[in-house]
Amino acid sequence: MKQAVPSPLSSMPWLGLAATIVSVCVLQSSAAFTQEISNMPGLHHDAMTRSAVPIAPSERDLQTVVAEPYFKVSDQSVVLEGAVFDRNGNLLFVDAGTGRVFRLTPDRQLSVVVPENKLGAAGLAIHKDGRIFIASVGDMRQGSIRAVDPDGSNAQTIIAPDAGYLANDLVFDDRGGGLYFTDSRGTSAASTGGVFYVAPDFKSIVPVLPGLGVGNGIALSPDGMQLWVTEHGKNVLHRVKLSNSTTITPFGSVVAYQFTGPAPDGARVDSEGNVYVAISGQGRVIVFNRNGLPIGQILLPDRDSGRNLKSTSLAILPGSNELLIVANSGTEPGGAMIFRSRAFAQGPRPYSHH
């Protein structure tokens, strides 16, 4: 019978001892390294940094409230935009994906004013005669502005799709009788959009603030002499002082605020001249005083977990400080919602100069 031949390594017991020594040295070295790392200066998460949308340090000390849920429009993430109150206290807003215009009554009854259509919808404004004016970016190649009666009938073209504008939002100049609209053409690197003025007879269009990268929200001060415009592509808020409906005063156009993160959308003013900017992508509204200084913010529930972030527009009820915000959750659960808070002041009464 053949005998087993001892392994050469088994006859070298010192190798086992060496391996043990090496193992101990490695463990000691690893422990020392771990201790060294733990003693190094380092970054640590807290509730703020773990938020899907942490608030910039410069804005954390602003007066802050959390809005309450008011009405669920859909379990689906319908892209709500264009919030505005009509003269009867109904909230009108649009579904930007289908072009539908909705009406929500004070007792929270929802109805469709304008059904699904190919022209689309992005922003709304109410004319002094009660008609609803609808701004649309269309298919992002051809936008338009049209008007309908309060019941959605009798559509009238104000700016035709072949005019070349991507009309995003609009506001009436009740002093001059015309309207301003934002043009969402361009990108952060291509400033081909702007703000334009349509004469009261709707026969001429005058550039007021050209050269914007994706003009978006627009609001007019209660005295009609100061425009607020959000430039979505460059993340800024413009304050534009006017000497008349179409002329900017000398040194009257300034960037009042630079936003951080995504990105300013709809804007509205209250009766004091404070301006409210909805931040689409952050689930909040930032409020500025009439000089463009930030004075407060309204947060939407569950924003830290990534819900209700698409806060695109808001409206303040005339004669009341009730403020409603429209939002959706994008790809996250939550659907499309309307939230409620109080504003600093009442919504301005329309057509006060007539």
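**Salt bridges and their surroundings**

Mentor: D183 and R185 form a salt bridge, with their closest N and O atoms 2.5 Å apart. The model is a predicted one. D183 has a relative accessible area of 0%, so this residue is buried. R185 is at 28% relative accessibility and therefore counts as partly exposed. Elsewhere, salt bridges with shared partners join E68, E322 and R340 into one network. The count of salt bridges comes to 11.

Another of these pairs is E59 with R284, whose side chains meet at 2.6 Å, N to O. E59 sits in the loop between α2 (47-50) and β1 (63-66), while R284 belongs to strand β21, so the pair ties together parts that are 225 residues apart in sequence. E59 and R284 are both buried. A further salt bridge joins the side chains of R141 and D139, at 3.2 Å from N to O. Here R141 counts as exposed because its relative accessibility is 64%, and the cut-off for exposed is over 50%. D139, at 40%, counts as partly exposed. In general, side chains of opposite charge can pair when their charged atoms come close.

Strand β21 also takes part in an aromatic pair. There are 10 aromatic pairs in the structure. In one of them, the ring centres of F259 and F288 are 6.0 Å apart and the planes stand at 90°, so the pair is edge-to-face. F259 is in the loop between β18 (248-258) and β19 (264-269), F288 is in strand β21 (residues 284-288), and the two are 29 residues apart. Both F259 and F288 are buried. Separately, one aromatic cluster is formed by F133, F172 and F202.

The nonpolar cores come next. The largest has 17 residues, of which V73, L80, L91, F93, L104 and I338 touch the most other members. At least two residues of this core come from each of β2 (68-74), β3, β4, β5 (100-104), β24 (322-328) and β25 (336-342). Another core, of 16 residues, lies apart from it, and F202 of the aromatic cluster is among its members.

Beyond four places in sequence, N90 touches V84, F85, R103, L104, T105 and P106.

Conventions:
Residues numbered from 1 in each chain as written. Predicted model: local features only at pLDDT ≥ 70, side-chain atom pairs only at ≥ 80, totals over all residues. Heavy atoms only, no water. Contact = heavy atoms within 4.5 Å. Core = buried A, V, L, I, M, F, W, Y, C linked by side-chain atoms within 4.5 Å. Buried < 20%, exposed > 50% of the residue type's maximum accessible area, 1.4 Å probe, protein only. Helix = DSSP H or I, 4+ residues; strand = E, 2+ residues; numbered from the N terminus. Phe/Tyr/Trp six-rings, centres within 6.5 Å; stacked < 30°, edge-to-face > 60°. Salt bridge = Lys/Arg side-chain N within 4 Å of Asp/Glu carboxyl O.
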